[in-house]
Amino acid sequence: MSDNDETKLNLLILMQYTEKSGSNALPFIPDLSVVERQTLQARTAASFAVDVQFCDRLQDGSHGPELTVIPAGVFEMGSTETEFGHRADEAPIHYQQLLEPFAIGTVPITAEQFERFTDATDWVWSWELIRSEGRHPVINIRHGHAEDFCRWLSDETGHDYRLPNEAEWEYACRAGSSEAFAFGDSVSCKNVHFRAAFPYDEERQGKRFILPKCAPIAKTIEVGQYPANAWGLHDMHGNVWEMTSSNYSKSLANLSRHHPAPPKRRNKWIAVRGGSWFDAAVFSRSASRRPRLRDELDVNLGFRVVRELR
């Protein structure tokens with residue numbers, strides 16, 4: 001099946017679903033201009049009596065992680081074979097409906113934010129682990145530890161916190177973009193923190209010897225240093241891979257096509273998104289996904305949170 005035929009089939013499925021569900025008011029986000037997307041975002045935030053970017057209060061009166069409101073809508077998830085870097089597990093490209101708005105972390109959870117959780121609970125680091133500090137993304141934690149952090153935030157704030165699923169993560173990352181990155185068809189080390197020796201354009205052009213355009217930084221950097229996408233999110237591309245709540249599968253064929261969706265039985269693999277400082281730029285594309293063991297630890301693996309809007 002050609003990419004064009006597949007897109008037509010996806011559109012037909014979407015039309016049939018919206019007719020049955022009555023959800024035809026959902027906007028197709030890539031059809032909106034940046035101004036229209038941001039207006040929709042602002043109106044969504046106002047409907048929940050919060051700012052587009054806001055923080056919940058913890059029990060001691062301090063602020064929790066900054067969150068950004070993401071409106072409900074429809075987008076195309078995955079990539080086609082024509083996108084440089086495309087892999088089989090990013091197909092088939094298909095429409096996803098985000099039926100309810102949500103708030104997601106403006107940046108990944110930082111070491112100092114995670115430290116507040118460890119100080120308030122009996123959670124203890126293993127002595128041998130490399131740890132980040134300050135406003136660097138927290139690393140070397142397992143999927144279950146990230147979920148523990150979310151439960152703690154829920155208890156502290158009275159709101160429901162969790163990890164994003166894959167569809168929510170990609171929808172938030174793209175912010176209306178249908179290209180390889182939220183910023184367009186390419187990126188450089190000036191707007192994404194990836195392994196500087198393996199930039200996107202030069203790899204696409206087949207260049208074998210590359211002089212990095214930026215000084216290589218073989219570790220995480222502080223969050224929020226690079227430009228935000230159209231919805232105001234930083235570090236969706238690069239810095240650290242981000243955990244999701246979704247099981248990893250070798251294809252997108254069996255993913256739920258609308259969200260919220262009933263949770264699936266867990267397996268030992270989770271899907272992670274976004275690429276990292278250790279990886280080539282091609283792995284930081286919006287559609288790029290990788291499997292990680294649910295109990296895996298790594299110095300390039302972190303997470304950001306989702307907060308339900310109710």
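Me: Which side chain does Arg266 meet in a salt bridge?
Reply: The partner of Arg266 is Glu147, with a distance of 2.3 Å from N to O, where a salt bridge means a side-chain nitrogen of Lys or Arg within 4 Å of a carboxyl oxygen of Asp or Glu. Arg266 sits in the loop between β8 (258–259) and β9, whereas Glu147 belongs to helix α4 (residues 143–157), so the pair ties together parts that are 119 residues apart in sequence. Helices here are DSSP runs of H or I with at least four residues, strands are runs of E with at least two, and both are numbered from the N terminus.

Me: What should I keep in mind about the model itself?
Reply: This is a predicted model, in which local features need pLDDT of at least 70 and side-chain atom pairs count only at pLDDT 80 or more, while totals for chains, interfaces and linings use all residues. Residues are numbered from 1 along each chain as its sequence is written, and side-chain values use heavy atoms, with hydrogens and water left out.

Me: Is Glu147 buried or exposed?
Reply: Glu147 counts as buried because its relative accessible area is 14%, and buried means under 20%, exposed over 50% and partly exposed in between, using a 1.4 Å probe and protein chains only.

Me: And how many salt bridges does the structure hold?
Reply: There are 18 salt bridges in the structure. One of them joins the side chains of Arg174 and Glu170 at 2.9 Å, N to O; these two residues both lie in helix α5 (residues 166–174), four residues apart, about one turn of the helix, and both are buried.

Me: Which residues are linked in a network of salt bridges?
Reply: That network links Asp160, Arg162, Glu168, Glu308 and Arg310.

Me: OK, on to Arg292: where is it found?
Reply: Arg292 is part of strand β10 (residues 289–293), and it counts as buried because its relative accessible area is 10%. It forms a salt bridge with Glu296, with the closest N and O atoms 3.5 Å apart, and Glu296 is classed as partly exposed because its relative accessibility is 22%.

Me: Which side chains make a polar contact with Arg292?
Reply: The side chain of Asp298 makes one at 3.3 Å, and the side chain of Asn300 makes another at 3.2 Å. A polar contact is a pair of N or O atoms within 3.5 Å; within protein, one must be able to donate a hydrogen and the other to accept it, and residues adjacent in sequence count only if both atoms are side-chain atoms.

Me: Changing topic, which peptide bond is cis?
Reply: The bond from Ala91 to Pro92 is cis, with omega near 0 degrees, and Pro92 is placed in the loop between β3 and β4. Thr80 lies in the loop between β3 (73–77) and β4 (94–98) as well. The side chain of Thr80 has a polar contact of 2.7 Å with that of Thr82, and the C-alpha atoms of Thr80 and Ile93 are separated by 6.5 Å although the two residues are 13 residues apart along the chain.

Me: Which residue other than glycine has a positive phi near 60 degrees?
Reply: Ala49 does, with phi near 60 degrees, and its place is the loop between α2 (34–47) and β1 (53–54). Ala49 counts as exposed because its relative accessibility is 72%. Ala175 also has a positive phi, near 50 degrees, in the loop between α5 and α6 (200–204), but Ala175 is buried, with a relative accessible area of 0%. For context, most residues other than glycine have a negative phi, and most peptide bonds are trans.

Me: Where is Val272 found?
Reply: Val272 is in strand β9 (residues 269–273), and it counts as buried because its relative accessible area is 0%. Its C-alpha atom is separated by 20 Å from that of Arg131, 141 residues apart along the chain.
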